[in-house]
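Q: Please take a close look at one part of this model, the place where two chains meet, and describe it for someone who has not seen it before.

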There are 2 protein chains.
Amino acid sequence: MTTRNDDAPGPVSPRVRVRRKADRGSYDPALVRQILDEALMCRVAFVDDGQPYVLPTLHTRIDDLLYFHGSQRNRMLERMLGKPICVEATVVTSLVLGRSVMENSMNYRSVVVLGTAHEITERQEKLEAMHALVERIAPGRIPELRPLTDAELNSTRVLAVPLEECSAKARTGPPMDRAGDYDLDVWAGEIPLSVITGVPVPDPQLKPGIEPREALLTWRRDGI
Amino acid sequence: MTTRNDDAPGPVSPRVRVRRKADRGSYDPALVRQILDEALMCRVAFVDDGQPYVLPTLHTRIDDLLYFHGSQRNRMLERMLGKPICVEATVVTSLVLGRSVMENSMNYRSVVVLGTAHEITERQEKLEAMHALVERIAPGRIPELRPLTDAELNSTRVLAVPLEECSAKARTGPPMDRAGDYDLDVWAGEIPLSVITGVPVPDPQLKPGIEPREALLTWRRDGI
C-alpha cells in the first residue's frame, strides 16, 4: 500500500488513482487535509456479508488521522472496525450551468480515503478527538460546556483511520460547452452555494437570559 | 427481500432496519421519497475486490426508481452495474447544541437504499431521467437549454435502482441533556442550516446582455 501521509509527491496507489477526468485528480496531502477540514461531515462505507453500506457521520482530522465517534453500542463503528473501509468527504462549491442538457453539473472538492479503522483507547487522545469533533461544528464552544465525565468517555467509542491511501478530486471554473453552443441566448455560468445559519431555536428548557454567542449566529461556509 | 415500494406498511428487511436509536427510524415510502427529493446529491457505495468505495453523485427519483447518470466510460457506473450497492442521501437540518460535550450533534433526515442497479436503454426513459437530473439542481432550466442530441444520449449511461429495500432515519428537536445539565448557564438549542446561492459568476464567454433568471438567484433550501 502506498503511503500518502508525507508532503512529498510519491507513487500513488492504483486504488485511489483518479481515472475518470484524471486532470481533476490530486494526491497533494495538504489539499486532502484541507478538504477534510472544510467538509462538515463525511460518509463511511463498509462491507458486511458482501453487501456495501454507507452512512453519514461527523469526522475530525488531527494530523494524519481521521476520527469518528459513537456510542459503544454503535453498529456502524462495530461493523467497520478492523475491516477495509472507504471514507468520502465532499464540498460542493457551485452549480455549473451550461447551455445544453449535458453541461449542467457542479463544482466541488472531494476526498476519498481507503484504509482500516482502529480503536482509540488512550484517554487523552479520545478526549482530544471528542473536543475536536464539537469544535468543528461549533467553533469556540468547548470552553463553555460541562466537561466530559469518565463514564461518558468510557461509553463512547472513538475510531481512527490513517490518511495513507487517499486522493482528492476537484472541478472548478465555468461550464465547458460545445463550440456551437456559445452562440445560444442562454445564461451560463456558476452559481456559488453557501451554508448559512438561520434564527436559533432555543431549547424549551433554556434558562432565561442566556443568549447564543455571536459566533453561532454569523456562522457561514462557502460551499455545502 | 422485502418490498418497500408500496404505500402500505409491511415487513421490513432486517438489512435496512434501523437498530441504533430505533425510534428515529421509518419505513414510510412517502418519507423515503421526500428525503431523496430534498437531498441535492447522494452517495453510492459499491464493492470491488473486497474493498468498499463510496462516491458522491447527482440523483433523481421518478416514481420508485432512483436514477444516476454518467459517461459511458464512467468507472463508478461500470463497477456498480449489476452488483449490490448502497445509496445514502441525507439532509442536515440543524446543529443541535447541548450543554455538555456529549450533546452536540445535528438534526437530519437520511435515507439508505440497498439494491442492484440496472441500465436504462430505452430512449424516452433515459431522456426523462436526464431532464429530471438537471431540473433538480436548476428548476425550470430544461426549456431554455439546447436539447440533447442522439449522440449525447448514446454517450451517456443511465442506471436505476428500485426503491424496494430502504429506510429513513431522522433526528429532530432540541438537545437531550442530562437532568443536572439544564441548570448550567450555557446556551442550548438548535441552529438551523440552509443553503443559499451567491452572486452568479457569468461564463467568461457569455453573450452580452443575457441575465440569469430570477429563480436562479433566489434559490434556497432549508437543510444542507
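A: A contact here means that heavy atoms lie within 4.5 Å. In this predicted model, the contact between the two chains draws 91 residues from chain A and 92 residues from chain B. The size of an interface is often given as the accessible area lost when the parts come together. For chain A and chain B that buried area is about 8200 Å², with 65% of it on carbon and sulfur atoms.

Turning to polar pairs, 30 residue pairs are in polar contact between chain A and chain B, both residues being at pLDDT 80 or more. On the side of chain A that touches chain B, the elements giving two or more residues are β2 (42–48), β3 (51–57), β6 (84–97), β7 (104–116), α3 (123–137), β11 (189–197) and β12 (201–202) of chain A. The largest share of that side, 9 residues, comes from β11(A). Sorted by class, the side of chain A that touches chain B holds 52 nonpolar, 18 polar and 21 charged residues.

The strand β11(A) is also joined by 2 bridges to strand β12 (residues 201–202) of chain B, and the two strands run antiparallel. A:Gly189 stands opposite B:Pro202, which lies in β12(B).

Side chains of opposite charge can pair when their charged atoms come close. Over all chains the count comes to 34 salt bridges, and 10 salt bridges are found across the interface of chain A and chain B. In one salt bridge, B:Glu152 pairs with A:Arg178, with the closest N and O atoms 3.5 Å apart. In another salt bridge, the side chains of A:Asp185 and B:Lys207 meet at 2.6 Å, N to O. A:Asp185 lies in the loop between β10 (165–171) and β11 of chain A, and B:Lys207 in the loop between β12 and α5 (214–217) of chain B, so this pair joins two chains.

As for confidence, the mean pLDDT of chain A is 90, and 93% of its residues reach 70 or more. Over residues 1–10 of chain A, however, pLDDT stays under 50, and the model has 25 contacts beyond four places in sequence for them. Where pLDDT is low, the predicted coordinates should not be read in detail.

Technical notes: Residues are numbered from 1 along each chain as its sequence is written. Chains are lettered from A and ligands numbered from 1 in the order in which they are written. Side-chain values use heavy atoms; hydrogens and water are left out. Buried area is the accessible area (1.4 Å probe) that two parts lose on being put together, summed over both. A salt bridge is a side-chain nitrogen of Lys or Arg within 4 Å of a carboxyl oxygen of Asp or Glu. A polar contact is a pair of N or O atoms within 3.5 Å; within protein, one must be able to donate a hydrogen and the other to accept it, and residues adjacent in sequence count only if both atoms are side-chain atoms. Helices (H or I, at least four residues) and strands (E, at least two) are DSSP runs, numbered from the N terminus. Ala, Val, Leu, Ile, Met, Phe, Trp, Tyr, Cys and Pro count as nonpolar, Asp, Glu, Lys and Arg as charged, and the others, Gly among them, as polar. Two strands pair if DSSP finds at least two bridges between them. pLDDT is the predictor's confidence in each residue, from 0 to 100.
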